Amino acid sequence: MRAYLWLVMMLIWLGGLLFGLWWVWPHIEAMELTGDLVLALAWLIAGGAAWLLALNLGFQHYWRR
């Protein structure tokens, strides 16, 4: 049960990251370097790295072979 809860939480987190990317995408396409764009990209990169770390640790913990 905890493994499925972890999986749902990871999917929600990924959804949040994708929503953030969707929200900032018009700023990326405009190619205007603003403070908001830099801060948003920093949050997305940090969140993506943390998501990958949590994904790796979760797989090691819940789906060992």
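Predicted model: local features only at pLDDT ≥ 70, side-chain atom pairs only at ≥ 80, totals over all residues.
Student: What should I know before reading the numbers?
Tutor: Residues are numbered from 1 along each chain as its sequence is written. Local features need pLDDT of at least 70, side-chain atom pairs count only at pLDDT 80 or more, totals for chains, interfaces and linings use all residues, and side-chain values use heavy atoms, leaving out hydrogens and water.

Student: How do helix 1 and helix 2 run relative to each other?
Tutor: Helix 1 covers residues 2–30 and helix 2 covers residues 35–62; helices here are DSSP runs (H or I, at least four residues), numbered from the N terminus. They pack at an angle of about 160°, with axes 10 Å apart, where axes are lines fitted to C-alpha atoms over the stretch in contact and angles run from 0 to 180 degrees between N-to-C directions. Angles over 145 degrees count as roughly antiparallel. So the pair is roughly antiparallel.

Student: Is Ala46 exposed or partly exposed?
Tutor: Ala46 sits in helix 2, and its C-alpha is 21 Å from that of Glu29, 17 residues away in sequence. Its relative accessible area is 45%, so Ala46 is partly exposed.

Student: How far apart are the C-alpha atoms of Leu52 and Leu14?
Tutor: Leu52 belongs to helix 2 and counts as exposed, because its relative accessibility is 53%. Leu52 and Leu14 are 38 residues apart along the chain, yet their C-alpha atoms are separated by 9.8 Å.

Student: Which helix gives the largest share of the nonpolar patch?
Tutor: Tyr4, Leu7, Leu11, Phe59 and Trp63 make this surface patch of about 540 Å². Leu11 is found in helix 1 and is exposed, with a relative accessible area of 55%. The largest share, 3 residues, comes from helix 1.

How values were computed. Patch = residues over 30% accessible without salt bridge, like charges linked within 9 Å, V, L, I, M, F, W, Y side chains within 5 Å. Areas by Shrake-Rupley, 256 points an atom, 1.4 Å probe, with all protein chains shown as cover. Salt bridge = Lys/Arg side-chain N within 4 Å of Asp/Glu carboxyl O. Helix = DSSP H or I, 4+ residues; strand = E, 2+ residues; numbered from the N terminus. Buried < 20%, exposed > 50% of the residue type's maximum accessible area, 1.4 Å probe, protein only. Parallel < 35°, antiparallel > 145°, perpendicular 65-115°, else oblique.
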